[in-house]
Amino acid sequence: FVAEYIDVLLANPHIPTFVLGELNRDPSRMGQFVRRFDTTQFVKDVLDEVESGRIRPVDPRTILVDLLSLTAFPFAARPLMQGMFSLDDDDFRAFAESRKRHVPRALFASLAP
């Protein structure tokens with residue numbers, strides 16, 4: 001998921017700022033959009049993993065928020081990231097590519113029992 005999502009964001013870097021803008025402009029419209037995503041199976045899978053002891057007890061919503069935040073934030077705050085770390089467009093792309101490996105490792109490490 002992380003690698004594919006980052007690829008989408010690299011191809012469409014304004015998606016996070018657009019979504020945030022729309023959310024602030026008309027929260028009810030975004031609510032309709034978000035309800036189209038069924039997280040039932042994801043929640044069940046996380047709870048099963050917790051119950052089996054393979055991951056620490058965690059609210060499945062926390063994992064989803066972490067996943068989305070860790071992947072989308074660098075794009076939503078791209079000017080900040082580029083300014084803070086003196087990244088040109090090629091450097092930012094390389095940084096985003098490196099997140100494809102970092103984000104899953106960080107998430108899995110945070111879930112260790």
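Which residue forms a salt bridge with Lys-44, and how far apart are the closest N and O atoms?

A: The partner is Asp-48. In this predicted model, the closest N and O atoms of Lys-44 and Asp-48 are 2.8 Å apart. Both residues lie in helix α4, which spans residues 40-52. They are four residues apart, about one turn of the helix. Lys-44 has 43% relative accessibility, so it counts as partly exposed. Asp-48 is partly exposed too, because its relative accessible area is 33%.

Another of them joins Asp-7 and Lys-100, with the closest N and O atoms 2.5 Å apart. That pair links distant parts of the chain. Asp-7 sits in helix α1 (residues 2-11), Lys-100 in helix α7 (residues 89-110), and 93 residues separate them. As for accessibility, Asp-7 is at 38%, so it counts as partly exposed. Lys-100 has a relative accessible area of 19%. The cut-off for buried is under 20%, so Lys-100 is buried. Asp-7 and Lys-100 also belong to a network of salt bridges that includes Glu-97.

A further bridge connects Asp-59 and Arg-61. Here the closest N and O atoms are 2.6 Å apart. Asp-59 is partly exposed, at 30% relative accessibility. Arg-61 has a relative accessible area of 59%. Exposed means over 50%, so Arg-61 is exposed.

Note on methods
Residues numbered from 1 in each chain as written. Predicted model: local features only at pLDDT ≥ 70, side-chain atom pairs only at ≥ 80, totals over all residues. Heavy atoms only, no water. Salt bridge = Lys/Arg side-chain N within 4 Å of Asp/Glu carboxyl O. Helix = DSSP H or I, 4+ residues; strand = E, 2+ residues; numbered from the N terminus. Buried < 20%, exposed > 50% of the residue type's maximum accessible area, 1.4 Å probe, protein only.
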